[in-house]
Amino acid sequence: MGLISNGTTIFDAGAIDSGIAKGALTFIKKLTASSSGTLSFVNGASNVVLDSTYKEYLFTFNNIHPGTNNVIFSVNFRDGGSNYDAPKTTTWFNAYHNEDGGSAGVSYNNNGDLAQSTAGQYLGWSMYNDNDQSASGYLHLFNPSSTTFVKHFMTRTNSNNYAAYSPDDFVAGYLNTTSAINGVQFSFDSGSISTGTIKMYGVK
């Protein structure tokens with residue numbers, strides 16, 4: 001016995017139809033840093049799609065390496081204007097462990113959360129530009145084109161920071177605007193992104 005929805009077979013004899021690819025990723029854009037002040041994804045620019053085509057977008061960042069010492073990797077969003085200043089309310093906690101095994105734990109980080117702030121959201125903490133230090137992770141942005149609801153996002157970042165720690169940082173929150181989000185920008189709070197890549201996907 002099968003299950004058919006809107007003319008499409010979903011189940012056939014208990015098996016899911018292999019032609020249904022829910023949650024599939026569609027590659028949209030890759031940006032590569034080269035001493036870049038920012039890496040920005042803007043709807044309609046350079047083949048970027050950030051609109052109602054997808055209800056969820058995924059950004060993956062790979063070996064983001066700072067140009068200067070003691071800097072913080074961050075993200076911000078724009079809601080129709082030219083500035084990346086969408087208001088955000090967020091939470092942040094992390095797990096951490098250092099190389100010599102002398103310190104480890106899990107903690108809430110109230111230096112990184114935001115309350116209705118237009119500032120950039122911190123993703124990775126106190127990174128140095130030693131050759132072996134970088135950050136990698138991902139960001140999920142949900143339904144950015146909605147003009148009814150706030151826009152939720154979640155991130156996870158791992159880095160090798162200044163004190164040879166491996167912090168595993170979790171951030172979640174919402175963009176407190178009913179305007180559509182049409183741009184996402186990554187940067188350090190000071191200096192440049194020396195090297196690294198960020199890829200953008202739409203999620204079906």
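Strand 8 (88–98), strand 9 (104–108) and strand 13 (165–175) each give at least two residues to the lining of the largest pocket; strands are DSSP runs of E, at least two residues long, numbered from the N terminus. This is a predicted model, where local features need pLDDT of at least 70, side-chain atom pairs count only at pLDDT 80 or more, and totals for chains, interfaces and linings use all residues. Residues are numbered from 1 along each chain as its sequence is written, and side-chain values use heavy atoms, with hydrogens and water left out.

A pocket here is an open set of points on a 1 Å grid over the protein atoms alone, where a 1.4 Å probe fits, with protein on both sides within 12 Å along at least five of seven lines; lining residues have an atom within 4 Å of a point. The largest one has a volume of about 230 Å³. Among its 13 lining residues, Asn94, Asn109, Trp125, Asn161 and Pro167 are the closest to its centre.

| Lining class | Residues |
|---|---|
| Nonpolar | eight residues |
| Polar | four residues |

Now to the core. Leu139 touches residues including Phe59, Phe77 and Phe186, a contact being heavy atoms within 4.5 Å.

Finally, Ser36 sits in the loop between strand 4 (25–32) and strand 5 (38–42). Why does Ser36 count as buried? Because its relative accessibility is 15%, and buried means under 20% relative accessible area with a 1.4 Å probe, protein chains only. Ser36 also touches Ser192 and Ile193, leaving aside residues up to four places away in sequence.

Technical notes:
Grid points are joined across faces, edges and corners, and a volume is the space filled by probe spheres set on the points. Helices (H or I, at least four residues) and strands (E, at least two) are DSSP runs, numbered from the N terminus. Ala, Val, Leu, Ile, Met, Phe, Trp, Tyr, Cys and Pro count as nonpolar, Asp, Glu, Lys and Arg as charged, and the others, Gly among them, as polar. Buried means under 20% relative accessible area, exposed over 50%, partly exposed in between (1.4 Å probe, protein chains only).
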